[in-house]
Structure formats: C-alpha cells, structure tokens
Amino acid sequence: MTLLRSLVICVGLLILPACQRQSALAPAGEEAERVALLSWILFAGAAVIFAIVLAALWLAIAGPEQLRSRLRAEGAIRFWGIAFPTLTLATLLGYGLWLMRETIASPRPAEMRVEVTGEQFWWRIAYDGRAGKPVAEANEIRIPVGVEVEFVLRTADVIHSFWVPSLGGKLDMIPGRTNRMRLKAQRAGIYRGQCAEYCGTAHAQMSLEIVAMPQPEFDAWLAAAERPPGPDGTVVERGAALFHSSGCDACHAVRGTQAAGTIGPDLSRIGGRRFLAAATLPNTAENIARFIAEPAAVKPGSLMPPFAIFSGEERQALAAYLASLK
Ligand code: HEC
Ligand SMILES: [Cu+2]
C-alpha cells in the first residue's frame with residue numbers, strides 16, 4: 001500500500017510540472033531558460049551517475065573476483081569517493097555561476113521597475129506612475145512582454161520569497177534589506193508564482209500571478225490605474241457607503257475616496273484582478289462576499305478580520321461595489 005502510494009506520488013510529481021502554469025521546466029523567460037537548462041543537465045548527470053553506482057554495486061556483489069578486489073582497493077575508494085565527487089561538484093558550481101552571471105550581476109539599467117513587498121500573506125505592489133507618484137496594486141502584477149523588468153523586493157514583516165518559476169529563479173525578501181531581480185517575459189501569458197519561504201499559517205495560500213501583456217495594452221492598463229475608479233449604480237453605491245462606514249477604510253485604500261488604509265491590499269482595482277486573497281479564490285462577486293464574511297474560513301490564518309455582522313444583502317452590495325472597481 002505504502003509502495004503504491006509512493007509510486008502514485010512520484011508519477012504525480014513527474015507529470016505535474018508539465019501541465020501547470022507554475023513550472024520551472026516550462027520556461028517563458030531568459031532567466032527561466034537558464035534555470036531549466038541547468039536542471040536538465042543535473043537530471044541527466046544524476047541519472048548517469050546513478051546508473052554507474054548501480055553497476056558498480058552489482059559488480060561488487062556478483063562480479064568476477066578480480067574486479068571485486070579492484071573495486072575495494074584503497075585507490076578506487078580515493079578516486080570514486082573523494083576525487084570524483086569533488087571534481088564533479090566543483091565543475092557544476094563553476095558552470096552554474098557562469099550560466100547565472102547575467103542574473104547575479106547586471107550593470108545595465110532596467111527598462112522598468114516594479115516594487116513588490118511581501119506581507120503576511122499577500123503581495124503589496126507599486127509601479128512607478130507617470131505623474132511621478134507610485135501606483136498601488138496588490139497580488140496581480142502586470143508587465144509588458146519582451147521588456148526587462150526590475151523587481152525591487154522587500155518585506156514588511158518576516159522572510160518571504162518571490163518565485164515565479166516560468167519566468168525565473170527565486171529570491172528571498174529579507175527584513176531590512178532590498179533585493180533586486182530582473183525578469184523578462186518572452187511571450188504574453190499568465191504566470192503563476194508562490195511565496196517560497198514559510199512565513200506563517202497562510203503561507204501556502206500566498207500566491208500571485210504575473211500577467212504579461214503587449215506593451216500598448218500594458219500602457220493603457222497602467223494609465224487607467226492612475227485614474228480613480230468610478231462606482232456607478234444603486235447597489236454599488238450602497239456597497240460603497242457600507243465600505244466607508246464599516247471600518248474597511250482603516251486597512252484598505254481605494255484611490256479617489258477617503259479610504260487610505262495601508263494595512264491590507266489596495267482595492268482600487270480589485271474588480272479587475274483574476275484572483276482574490278493572493279491567488280487563493282477566483283475573483284467573483286460571490287467569492288468577495290464569502291471572503292469578507294469569514295476570511296479565515298477561506299484562507300486559514302488570514303490577517304483580515306471576519307465581518308459576520310453584515311446581512312447577506314449587505315455583503316452582496318459590498319461585493320458589487322468592489323467588483324465594480326476596475
Ligand atoms: C484590520 C485590517 C482590515 C480591515 C478592517 C479590513 N481588511 Fe480586508 N484585508 C486585510 C488584509 C490583511 C488582507 C489580506 C488578506 C490575505 O490575503 O491574507 C485583506 C484582504 C481583503 C480582500 C482581498 C484583497 C485582494 O487583493 O485579493 C478584500 C476583498 C477585502 N479585504 C475586503 C474588505 C472589506 C470589504 C472590509 C470591510 C468590511 C475589510 N476588508 C476590512 C485587512 C483588513
Ligand atoms: Cu510565505
């Protein structure tokens with residue numbers, strides 16, 4: 001039974017990377033290509049060495065006496081046990097550093113910058129706005145295709161790690177430090193990422209998406225982000241009133257309104273994102289209502305407090321308001 005289970009898990013692990021948008025083996029960027037190449041070289045090398053070890057083991061048990069005595073001689077142990085691993089690992093290290101040289105030190109200025117701050121358990125995002133003022137976003141990063149983007153990585157609390165496998169390697173967000181990483185998406189698409197350093201209860205649900213879009217579309221999107229979102233319609237207005245009178249303002253910001261809280265994600269364009277709560281729930285009005293009532297039921301450990309006080313109708317109005325912010 002355990003054997004069967006391990007087999008199923010192993011096969012699953014082999015198949016998974018192939019069918020997900022979050023795979024280091026499905027590169028869509030230059031850095032990710034280097035990581036994938038290095039991975040395949042490691043897999044192939046490990047397979048060859050494993051085969052040699054198995055053959056040597058078999059010869060040491062069942063081979064002719066002459067070979068067996070050669071295998072257990074001190075010279076063989078010195079070579080295969082010390083010299084061979086040292087050489088192989090040193091070569092690999094050198095090759096790895098050479099392959100990653102662009103990533104480790106790049107003196108060229110990047111074409112664009114995005115600031116990402118890890119928070120328990122979501123991502124705070126800031127773009128350089130055209131008017132010189134930063135544009136706040138959360139949990140969904142948009143970038144233009146074919147443009148090298150510098151990610152400025154910080155944390156507001158504990159150590160997090162920023163990792164979008166199809167675009168590049170991972171880099172930690174460390175308290176008191178600013179780390180920088182460059183990524184370039186070669187194809188338009190949606191690339192999923194995940195916090196890669198355990199940061200507390202909802203760590204597993206601290207995901208994100210990078211949406212790579214053609215430059216003109218991106219420009220239009222960013223320009224729209226600088227305008228305050230305009231609510232319209234009666235249910236939506238009721239939701240807006242509830243939002244501003246129920247304390248949401250204390251933690252959330254909506255551009256162009258009195259809501260200017262900074263503890264939680266900026267909600268100015270929440271209606272236009274694909275997911276809620278750091279890529280945990282698909283973004284529908286229903287799911288917004290569900291999340292507001294009891295965040296921890298959806299995402300255990302979430303630091304957003306529950307709002308069970310609202311009636312179903314009030315929750316729907318709030319959700320309609322938030323869904324209208326695009
Ligand atoms: C004490 C601070 C606080 C208050 C008050 C608060 N929130 Fe939140 N909210 C948070 C935090 C923190 C998160 C991030 C949760 C996570 O992803 O783990 C969040 C996340 C959210 C999200 C998901 C955002 C996203 O980017 O996906 C929505 C929607 C939301 N809150 C709506 C509301 C509404 C509506 C109210 C008022 C009824 C409210 N919040 C009140 C702290 C707060
Ligand atoms: Cu984490």
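**Entry 1**

I began at Ala277, which sits in the loop between strand 11 and strand 12 (281–282). I am working on a predicted model. Ala277 has a positive phi of about 55°, although it is not a glycine. Most residues other than glycine have a negative phi, and most peptide bonds are trans. I noted the alanine for that.

Is Ala277 buried or exposed? Ala277 counts as buried, at 16% relative accessibility. The cut-off for buried is under 20%.

I then looked at Ala279, found in the loop between strand 11 and strand 12. Ala279 is not a glycine either, yet it has a positive phi of about 55°. Its relative accessibility is 8%, so Ala279 counts as buried.

**Entry 1: a cis peptide bond**

I looked up the backbone at Gln120. The peptide bond from Gln120 to Phe121 is cis, with omega near 5°. Phe121 is in the loop between strand 1 and strand 2.

I moved on to Tyr127, in strand 2. Tyr127 counts as buried, with 1% relative accessibility.

**Entry 2: salt bridges**

How many salt bridges does a search of the whole structure find? I got 15. Side chains of opposite charge can pair when their charged atoms come close. I went through some of these pairs.

Glu119 and Arg124 meet through their side chains in a salt bridge, 2.7 Å from N to O. Glu119 is buried, at 9% relative accessible area. Arg124 is partly exposed, at 26%.

Next I took Glu137 and Arg273. Their closest N and O atoms are 3.4 Å apart, and they form a salt bridge. Glu137 lies in strand 3 and Arg273 in the loop between helix 7 (234–245) and strand 11 (275–276), so this pair ties together parts that are 136 residues apart in sequence. Glu137 is buried, with a relative accessible area of 3%. Arg273 is buried too, with 6%.

Then came Glu150 and Arg182. Their side chains meet in a salt bridge at 3.9 Å, N to O. Glu150 is in strand 5 (residues 149–155) and Arg182 in strand 8 (residues 179–183), so the pair links distant parts of the chain, 32 residues apart. Both Glu150 and Arg182 are buried.

I also found a network. Arg113, Glu115, Asp128 and Arg154 are joined into one by salt bridges that share partners.

**Entry 3: helix 6**

Which residues of helix 6 (residues 215–225) are buried? I listed Phe218, Trp221, Leu222, Ala224 and Ala225. They lie on the same side of helix 6, because they cover an arc of only 160° around the axis. An α-helix has 3.6 residues a turn, so residues three or four places apart point the same way.

I asked what covers the buried residues of helix 6. The cover includes strand 1 (112–119), strand 2 (122–128), strand 3 (134–138), strand 4 (140–144) and strand 10 (207–213).

I stopped at Gly169, in the loop between strand 6 (160–162) and strand 7 (171–173). Gly169 is buried, with a relative accessible area of 17%.

What does Gly169 touch, leaving aside its neighbours within four places in sequence? I noted contacts with Glu31, Val35, Phe162, Trp163 and Met181. I also checked Ala32. The C-alpha atoms of Gly169 and Ala32 are separated by 6.6 Å, while the two residues are 137 apart along the chain.

**Entry 4: a nonpolar patch**

Leu25, Trp40, Leu42 and Phe43 make a nonpolar surface patch of about 390 Å². Leu25 is in the loop between helix 1 (2–15) and helix 2 (30–62). Leu25 is partly exposed, at 31% relative accessible area.

**Entry 5: domains**

Last, I looked up the domain assignment of the chain. It gives domain 1 (20–104) and domain 2 (234–323). How many Å separate their centres, taken over C-alpha atoms? I wrote down 51 Å for domain 1 and domain 2.

Note on methods. Residues numbered from 1 in each chain as written. Chains lettered and ligands numbered in written order. Predicted model: local features only at pLDDT ≥ 70, side-chain atom pairs only at ≥ 80, totals over all residues. Heavy atoms only, no water. Buried < 20%, exposed > 50% of the residue type's maximum accessible area, 1.4 Å probe, protein only. Helix = DSSP H or I, 4+ residues; strand = E, 2+ residues; numbered from the N terminus. Arc of directions from axis to C-beta. Contact = heavy atoms within 4.5 Å. Domains from an automatic or database assignment. Patch = residues over 30% accessible without salt bridge, like charges linked within 9 Å, V, L, I, M, F, W, Y side chains within 5 Å. Areas by Shrake-Rupley, 256 points an atom, 1.4 Å probe, with all protein chains shown as cover. Salt bridge = Lys/Arg side-chain N within 4 Å of Asp/Glu carboxyl O.
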